[in-house]
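Morning, everyone. Please have a look at the structure on the screen, and then we will walk through it together.

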Amino acid sequence: MLARILLCARPVSATIPALTRPLAHSTAHMDPGSGGRPVETAIRTKLTGALVPAHLEVHNESHMHAVPPGSESHFRVLVVSASFDGLSLIQRHRLVNEALREELSSCVHALAIQAKTPAQWGSNPSVAKSPPCMGGSKGDHSVEVKLAAGRE
Amino acid sequence: MNHLIRASVRCLRAGSTAGYPSMLLPAGPVSFTAARLLCAATDMQQTLGEMVKKDKVVVFIKGTPAQPMCGFSNAVVQILRMHGVDDYAAYNVLDDQDLRQGIKEFSNWPTIPQVYLNSEFVGGCDILLQMHQSGDLVEELNKMGIRSALVEAEKESK
């Protein structure tokens, strides 16, 4: 559990060097974490497909909130993409929301978004921090429904 | 909310499918409930349209400004407080599930908190925070005739 938190807390670039990947044919030995993180994997896949990011970080922040351990309900994403050039903040965020429409309507309860152009990322390569939880998810029926959806 | 209750009662009194083309609704006893639900949802959208116009600054949050129930909602409250904006409408979505679902449809935005400035949807916590950091929020408030406390504070320090 602690290892997973530390893994989530570390920024993970989308551009993992080929040498660190297992051989393609041995799918049984693919990244052992991804099998246990289906929502995170789906978010990563969809954002990559929709926005072709130069840099992508997907952080599961569920452990920072009043939800059971192992939940995939609260996420922070940092997307750096040329697709955002010329778009306002709200337009950029709507693109991200659209890409993740299915996850947001089923199991993802909170999504913090940073959407930067490559130039903006170059001049300020930092990830914002989420504010401390105030316990609102506890006893919230809507969140319970989403957690159940995530477990299926 | 009284408006919503009155509107729903109006629908009930008017009969099962009054005002709705019969082709839109399934036949039989279900149609009355469906009509009532459709009526309520439509009224909610109309009510929200009025709510976001009634005040210059309108936020939909979890909890209240005095007691936010979510870190992101609290961030919105704190940012407004920093700018000295204390006269704004704050609606607690935890009080009303129809409001909670309705505002997500109205704004076409999947999460709470949601911020409206001058009847226009601005975004959530992340966007408000970036606007605050970039100075855009001071400018937007200024356009609405609201002088940010941070501008005053900066002048005093010079």
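Which residue follows H4(B), and is its phi positive or negative? The residue is B:Asn108, and its phi is positive, near 55 degrees.

Some ground rules. This is a predicted model, where local features need pLDDT of at least 70 and side-chain atom pairs count only at pLDDT 80 or more, while totals for chains, interfaces and linings use all residues. Residues are numbered from 1 along each chain as its sequence is written, chains are lettered from A and ligands numbered from 1 in the order in which they are written, and side-chain values use heavy atoms, with hydrogens and water left out.

Now chain B. It has 7 helices and 4 strands. Those are DSSP runs, numbered from the N terminus: helices are H or I with at least four residues, strands are E with at least two. From the N terminus, the order is α-α-β-α-β-α-β-β-α-α-α. Of its 158 residues, 44% are buried. Buried means under 20% relative accessible area, with a 1.4 Å probe and protein chains only.

Back to H4(B). At its start, a side-chain oxygen of B:Asp96 comes within 2.9 Å of the backbone nitrogen of B:Asp98. The buried residues of this helix are B:Leu99, B:Arg100, B:Gly102, B:Ile103 and B:Ser107.

Take B:Arg100. It sits in helix H4, residues 97-107.

With A:Asp140, B:Arg100 forms a salt bridge, the closest N and O atoms being 2.8 Å apart. The rule asks for a side-chain nitrogen of Lys or Arg within 4 Å of a carboxyl oxygen of Asp or Glu. Across the interface of chain B and chain A, the rule finds 1 salt bridge.

Which elements of chain B supply the side that touches chain A? Helix H3 (71-82), H4, strand S4 (120-123) and helix H5 (125-134) each supply at least two residues. H3(B) gives the most, with 4 residues. In total, 22 residues of chain B are in contact with 22 residues of chain A.

One last point, on confidence. Chain A averages a pLDDT of 82; pLDDT is the predictor's confidence in each residue, from 0 to 100. Over residues 3-33 of chain A, the pLDDT is below 50.

Technical notes:
Buried means under 20% relative accessible area, exposed over 50%, partly exposed in between (1.4 Å probe, protein chains only). A polar contact is a pair of N or O atoms within 3.5 Å; within protein, one must be able to donate a hydrogen and the other to accept it, and residues adjacent in sequence count only if both atoms are side-chain atoms. Contact means heavy atoms within 4.5 Å.
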